[in-house]
Amino acid sequence: MKYGPTRGELKLRLAASVIGLGLMIAALAIRGVGGIAALEVVLIAGTFFGGTAVWSAWALLRKDD
């Protein structure tokens, strides 16, 4: 891939996503889900961090540099 993020940037994105998911899981374990608004925030954040982690890992596996 000629254009796009470098391997270093993909690794940073993957690490940030995994850390974000871990912090969200820790917060859920400690505080739980308090209501429908908290559930919405958890679903959106989980989708964002999970999607970014999957995309970054997939791109790292495909990267031929």
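Q: At what angle do H1 and H2 pack, and how far apart are their axes?
A: In this predicted model, the angle is about 150 degrees and the axes are 8 Å apart. That makes H1 roughly antiparallel to H2, since angles over 145 degrees count as such.

Q: Left-handed or right-handed crossing?
A: H1 passes H2 in a left-handed crossing.

Q: Which residues meet there?
A: On the H1 side they include Leu 10, Leu 14, Ser 17, Gly 20, Leu 21, Met 24 and Leu 28. Among their partners in H2 are Val 42, Ala 45, Gly 46, Gly 50, Trp 55 and Leu 60.

Q: Which residues of H2 are buried?
A: Val 42, Ala 45, Thr 52, Ala 53, Ser 56, Ala 59 and Leu 60. The buried residues of H2 pack against H1, which runs over residues 7-31.

Q: What is the reach of H2 from first C-alpha to last?
A: H2 covers residues 36-62, 27 residues, and reaches 38 Å. That is close to the 39 Å expected at 1.5 Å a residue.

Q: Switching to aromatics. How many aromatic pairs does the structure hold?
A: It holds 1 aromatic pair. The rings belong to Phe 48 and Phe 49, with centres 5.4 Å apart.

Q: Why is that pair edge-to-face?
A: The planes of the Phe 48 and Phe 49 rings lie at 65 degrees, and over 60 counts as edge-to-face.

Q: And Phe 48, buried or exposed?
A: Phe 48 counts as exposed, because its relative accessibility is 53% and the cut-off is over 50%. Phe 49 is partly exposed at 24%, and Phe 49 is among the H2 residues that meet H1.

How values were computed. Residues numbered from 1 in each chain as written. Predicted model: local features only at pLDDT ≥ 70, side-chain atom pairs only at ≥ 80, totals over all residues. Heavy atoms only, no water. Helix = DSSP H or I, 4+ residues; strand = E, 2+ residues; numbered from the N terminus. Expected span 1.5 Å × (residues − 1). Buried < 20%, exposed > 50% of the residue type's maximum accessible area, 1.4 Å probe, protein only. Contact = heavy atoms within 4.5 Å. Phe/Tyr/Trp six-rings, centres within 6.5 Å; stacked < 30°, edge-to-face > 60°. Axes fitted to C-alpha atoms, helices over the stretch in contact; angles between N-to-C directions. Parallel < 35°, antiparallel > 145°, perpendicular 65-115°, else oblique. Left-handed = near helix turned anticlockwise from the far one by under 90°.
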